[in-house]
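This report looks at one residue and its setting, and then at the surroundings of the ligand.

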Amino acid sequence: MCDHDSRKQRNSKSNKKNHKRQQQQASQQLNNNNINHNNNNNHDPDDPDWEDSPGKPYKVKISPTMGRYLVATKDIAAGELIVREEALVVGPCQNAKPVCLGCLKQFDGEHYIRSSDNEDCDRCMGCQWPLCCPTCPGLERDDKAGGQAVRLGHTDEECAALSAAGPSGRRVVDLRARTPLYNVIVPLRILLLEKQDPARWKAIHKMQSQDDVRRQIPGVWQANQLGVVDRIRNEFGLQQYPEDVIHTLCGILEVNAFEVGDGLRALYGVAFLLAHDCTPNTSHSDDELRALSLRASVPIPKGHAITLSYAYTIQGTLKRREHLKESKFFDCCCSRCSDPTELGSMCSALVCPRCGRPSVLPTDPLQADAPWRCVPPRLEPRPGAKQEQPCPGYEMTAKEVKEFLDKLTDESEALDHNDVVGLEGFLVKHAARLHPNHFLLLGAKHSLSQVYGKVQGYLIHQLPDALLERKLTICRDILSIFDLLEPGVSRLRGITLYEMHAPIMILTTRQFEANAISRKDLRTRLREVASCLEQAAHILCLEPESSSEGAVGRAAQDALQRVRQWQ
Ligand SMILES: C[S@@+](CC[C@H](N)C(=O)[O-])C[C@H]1O[C@@H](n2cnc3c(N)ncnc32)[C@H](O)[C@@H]1O
């Protein structure tokens, strides 16, 4: 991470005055330098809400580069729960497919389609926005979750706002197509909170909107003007909400919202403070009511920053940094981004057309326009081995690399990720130009690790030994990279460990039945299966029970019991 404060600062109460002075200085510096932050937001370090969080394993610090962020106030163990909190607001993502405004579920199943009366779905009697059914539980005014009233659904106030200038929901005509009309729902829900629930409204207004930065990006500002501000004020007739207030809410959502559920976004009062790191030390999940649980994925020593990743793990530095700059408005300088080899994973490396080694790397990964060069690793000469020839030298411009990656990314995005032949074909086609760990190949391998054994024609017990071996090799390959880039208690690791157990188990059984392995080998292999399942269950049983990952965790536990009986 760029931030050096996180390593030096201490949290003890005796240091409080000093700490407060540091915070004030840092805050002052922020305002003076105007780095990445706007002045509309509540950054007051004297705000008592930003003091210690008694009894919590974290507290808030301020750094000149990152703004506010959380640090551990004690040693936190891997898997330990750091924060569990309900959402302040939830609703559809930008350009989402239509959802029921009550329960926020998409209209996918037949359950929602009514063909008899030429009507595609039920609609709210007032605003005419689509609903899953007239008795959707999300239409009740309060959703009592954990004893605390949380409004997640469609309230009377929302209905009144959406019908102020006539029933606006009639404009949602196709339930399967993405519609920008839904972009207004979350900003509107926040606007309504000012009267409905001032405490939540206040909590949301502590978040950064980065208006000053976003105003300079015409694509961003103009899209919000047309898609959200003008709609709320002109189409829906809600002129009482000033333009700048709505723009600020758009910014708060862009900078701080978490993607939750299926096509939804939500704001959280503590978790928004987490700084980004491309190799984070936490993982998070959300349950049916969109409550968020944040756990340490690796041990976090007292005083260290608590981080999460705002970007995809299976993505190269060039694209990750571009995404962070365009959507979160900062330049990531974390240890993965600063290292051309991405912590030794080589997941951006290209094959050199001159020497054939997969060693073409950015000369400076923190400068998007720096050239890429072939830098083969130095190998110690081995006695008797043929002398390695040095690369005659190869360089690509950043523009060439970007064009090349864009072309391959389009190709990879067009792949059907359930199509074994297509995915394997993609791996073969690009093996000559990409390192085997390249993120584009890793993405295809990640899909293959799951579809081998699951899709028609490739069901697990139908797979010949060679394809079971293939699934196993792919799982081992990707796991070794996830161990570097997303270590510890991470869903990617948990699912991959679960996927690994089946091919080992079936190959072992087949070989034992054919007398091809000894009892001793059998015991060794069963120990490996048990170890995969134990780790998978340990990771995935922390996921919400209702989630698909939680279900895999339970399946891992059941399978582990069966293996132990065998053992
Ligand atoms: C969700 S907010 C995090 C809380 C924020 N720091 C605050 O004070 O409100 C995301 C913003 O924090 C800053 N940030 C987070 N992680 C960062 C990092 N690793 N390097 C630089 N800035 C970071 C960026 O300004 C980013 O847009």
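## Val552 and its setting

Val552 lies in helix α17, which covers residues 548–566; helices (H or I, at least four residues) and strands (E, at least two) are DSSP runs, numbered from the N terminus. The model is a predicted one, in which local features need pLDDT of at least 70 and side-chain atom pairs count only at pLDDT 80 or more, while totals for chains, interfaces and linings use all residues. Residues are numbered from 1 along each chain as its sequence is written.

Val552 counts as buried because 21 C-beta neighbours fall inside 10 Å (buried means 20 or more other C-beta atoms within 10 Å of the residue's own, exposed 12 or fewer, partly exposed in between, with C-beta atoms placed from the backbone). Beyond its neighbours within four places in sequence, Val552 is in contact with Ile495, Tyr498 and Leu540, contact being C-beta atoms, placed from the backbone, within 7 Å. The C-alpha atoms of Val552 and Ala536, which are 16 residues apart along the chain, are separated by 8.4 Å.

## The shell around the ligand

The ligand is surrounded by 20 residues, the closest being Gly67, Arg68, Ala275, His276 and Phe330; a residue is near a molecule if its C-beta atom, placed from the backbone, lies within 6 Å of it. At least two residues of this shell come from each of β2 (67–72), α8 (243–256) and β11 (275–276), and β2 gives the largest share, three residues.

## Helix α8

Of the 14 residues of α8, ten are buried, so that the helix is mostly covered. The elements covering its buried residues include α7 (218–235) and α9 (317–328).

Note on methods: Two residues are in contact if their C-beta atoms, placed from the backbone, lie within 7 Å.
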